[in-house]
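Here are a few exercises to work through with the model open on your screen. Try each one yourself before you read the solution.

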Amino acid sequence: MSLVLTTPPSLPPLLARGALLSLFKRPAPDAEFPRTRLVLGNLRVDLARLAAYERVCGFPTGEDALPVTYPHVLGFPLAMRLMSGRDFPLPLLGLVHTSITITQHRAVTATGEYELSVYIDGLAPHRRGTEAAVITEMRVGDEVVWESRSTYLARHRTRQQASATAEAVAAAEAVPGEKEAARAGKGAEGAEVAEGASKPLPEVAEWRIAEDVGRRYGAASGDRNPIHLHPLTARLFGFPRAIAHGMWTVARCLAAHGVPARARVEAEFRAPVLLPATVTYAAEGGRFELRGGSAQRLHLAGRVQPLV
């Protein structure tokens with residue numbers, strides 16, 4: 001079922017409604033989810049707002065081409081309307097954006113007129129909870145010129161975690177010889193993971209990210225989630241300081257990396273960037289990364305592939 005909107009939804013009321021309803025949500029991968037496709041037609045880009053977005057993310061300004069990440073900003077209010085509703089089973093509070101895949105089929109001009117559509121593609125079990133997939137499409141007439149798939153994770157106890165807890169209890173009660181065998185097995189598994197981990201990409205630049213980047217990106221994008229705005233509001237949700245928007249980190253990396261007019265972009269959000277921060281942007285070929293801290297913790301990993 002499609003629901004046609006005449007104007008974009010306002011984000012602050014959706015955030016408030018979603019936060020309130022989060023108290024009553026019981027997430028599960030087999031839960032029912034909304035099947036409605038929200039459609040917004042006759043959409044034109046606010047060029048002043050676009051310029052503010054380009055400046056905060058590091059894209060060149062004044063060009064008649066949308067940054068590859070900007071249609072996500074345009075579609076985000078529609079996605080929030082779906083995820084803040086009563087029929088969406090995952091709580092909006094604590095929902096984590098884990099990945100995004102963007103396919104841009106051709107250059108998208110800043111002065112064009114578009115139709116946006118957003119829908120929930122389904123729920124899936126995750127080792128830490130339940131993940132929802134959200135699809136956003138941008139059309140010119142009947143042609144899809146840009147599309148994305150974002151995944152959002154609601155953390156909760158899973159059967160896998162319960163099984164791991166039971167195994168840990170069993171190991172603790174094992175006889176000494178069994179305990180040593182269990183430790184040896186875990187050590188081997190850890191070594192395999194370490195050997196399979198990818199090596200850091202070559203460093204390209206070091207960026208110092210200001211404490212106010214969350215507020216500036218929120219003003220440009222409309223996403224004023226309190227975890228990004230101020231240390232005091234971030235602490236209410238368990239963060240010691242405000243964190244950078246995940247979509248700001250990927251946009252900043254893509255502004256430095258460059259994206260062809262026809263391309264597929266994949267990015268995984270691994271760890272939050274606490275503000276202020278000093279981070280390392282690294283890239284090689286089509287791959288890019290964002291790392292930070294003395295341990296070079298991986299915040300973001302991505303890839304750009306030209307479409308042929």
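**Exercise 1.** Which residues does M83 touch, not counting residues up to four places away in sequence?

*Solution.* A quick note before we start: this is a predicted model, where local features need pLDDT of at least 70, side-chain atom pairs count only at pLDDT 80 or more, and totals for chains, interfaces and linings use all residues. Residues are numbered from 1 along each chain as its sequence is written, and side-chain values use heavy atoms, with hydrogens and water left out.

Step 1: look for contacts, meaning heavy atoms within 4.5 Å.
Step 2: skip residues up to four places away in sequence, and you get K25, F88, L90, L92, L95, I120, V134 and Y152.

**Exercise 2.** Find the residues with the most contacts inside the largest nonpolar core.

*Solution.* Step 1: a nonpolar core is a set of buried (under 20% relative accessible area, 1.4 Å probe, protein chains only) Ala, Val, Leu, Ile, Met, Phe, Trp, Tyr and Cys residues joined through side-chain atoms within 4.5 Å.
Step 2: the largest one has 71 residues, and Y53, M83, M138 and F288 have the most contacts inside it.
Step 3: its largest share, 9 residues, comes from helix α3 (residues 70–83); helices are DSSP runs (H or I, at least four residues), and strands are too (E, at least two), numbered from the N terminus.

**Exercise 3.** Is N42 buried or exposed?

*Solution.* Step 1: find N42 in strand β2 (residues 37–44).
Step 2: its phi is near 55 degrees, a positive value in a residue other than glycine.
Step 3: N42 counts as exposed (over 50%) because its relative accessibility is 63%.
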